[in-house]
Amino acid sequence: MTKYLINDSDFVRIGQKLYRIDPNGYESDYLTSKNASKDYENRLIENGVDAEIFRNGNDQKTTALMQGDIVASKLQPELAFILISIQLMPLNEAKYALDAYKEASSPNVVNLPSPEPSEKEKQEFSKRDNQMAKDIDTLKALVDNAENQGWETIDGVNYGASHTWREVAQLALDLADQQEWFNRYDNKYFN
């Protein structure tokens, strides 16, 4: 769970709705919404996230949100909302519900089955799985080459082992990013 302090010009996108914290919007629980003009569903699947913050309303500058994350107004931090399912719930209301559940002497817990990934999500998983397998094979070959202090020729220029070790480091960082996507996928569908 992460708390994000956002500006008045930032939007939170959940599905095809854009939400904005409005400190003057008492009638609407300080949250206004409008429909998104573009279809963002594929991007959510590719990024493996539940929602996004559009910084200054820009859909190219986004921050990923996951279930349980909190967004609050930077100017009025008491205006805070928690992402639950496909909605932003005022944090003070969610707190009452969670406190009541915690204080119950014998809470009734029902374990529902995990959601199933859509066909698009399964295809994205396969595509990323294949790419990661290729990258791991490449990493093994690069490490072997660097350990043997071999030379690498790129466009007719010979590079020593130090260049190969830099490639190993960069590829390892790329693999770490890829693994984060798989972790989010597993958390969403198998936990």
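Guide: The largest cavity has a volume of about 70 Å³. On a 1 Å grid over the protein atoms alone, a cavity is a set of points where a 1.4 Å probe fits but cannot get out, while a pocket is an open set with protein on both sides within 12 Å along at least five of seven lines; lining residues have an atom within 4 Å of a point. Grid points are joined across faces, edges and corners, and a volume is the space filled by probe spheres set on the points. This is a predicted model, in which local features need pLDDT of at least 70 and side-chain atom pairs count only at pLDDT 80 or more, whereas totals for chains, interfaces and linings use all residues. Residues are numbered from 1 along each chain as its sequence is written, and side-chain values use heavy atoms, with hydrogens and water left out.

Visitor: How many cavities of 30 Å³ or more does a search of the whole structure find?

Guide: The search finds one.

Visitor: Which residues line the largest cavity?

Guide: Its lining consists of L44, I45, G48, V49, E121, W181, R184, Y185, K188 and Y189. Two or more of these residues come from each of α1 and α4, and α4 provides the largest share, five residues. Helices (H or I, at least four residues) and strands (E, at least two) are DSSP runs, numbered from the N terminus.

Visitor: And by class?

Guide: The cavity lining divides into six nonpolar, one polar and three charged residues. Ala, Val, Leu, Ile, Met, Phe, Trp, Tyr, Cys and Pro count as nonpolar, Asp, Glu, Lys and Arg as charged, and the others, Gly among them, as polar.

Visitor: Now α3 and α4. At what angle do they pack?

Guide: Helix α3 (residues 119–147) and helix α4 (residues 161–189) pack at about 155°, and their axes are 9 Å apart. This makes α3 roughly antiparallel to α4. Axes are lines fitted to C-alpha atoms, for helices over the stretch in contact, and angles run from 0 to 180 degrees between N-to-C directions. Angles under 35 degrees count as roughly parallel, over 145 as roughly antiparallel, 65 to 115 as roughly perpendicular and the rest as oblique.

Visitor: Which residue classes make up that contact?

Guide: The contact of α3 with α4 has 17 nonpolar, six polar and nine charged residues.

Visitor: Switching to strands: what is the order in the sheet of five?

Guide: This open sheet runs β4-β3-β2-β5-β6, with antiparallel pairing. Two strands pair if DSSP finds at least two bridges between them. The edge strands, β4 (31–35) and β6 (62–65), each pair on one side only. Four bridges join β5 (residues 51–54) to β6, and E52 stands opposite A64 in β6.

Visitor: And the sheet of four strands?

Guide: Its order is β1-β7-β8-β9, and the pairing is mixed. β1 (3–6) and β9 (87–90) stand at the edges with a single partner strand each, so one side of each has no neighbour in the sheet. Antiparallel strands β7 (residues 70–73) and β8 (residues 80–84) are joined by three bridges, and A72 has A80 in β8 as its bridge partner.
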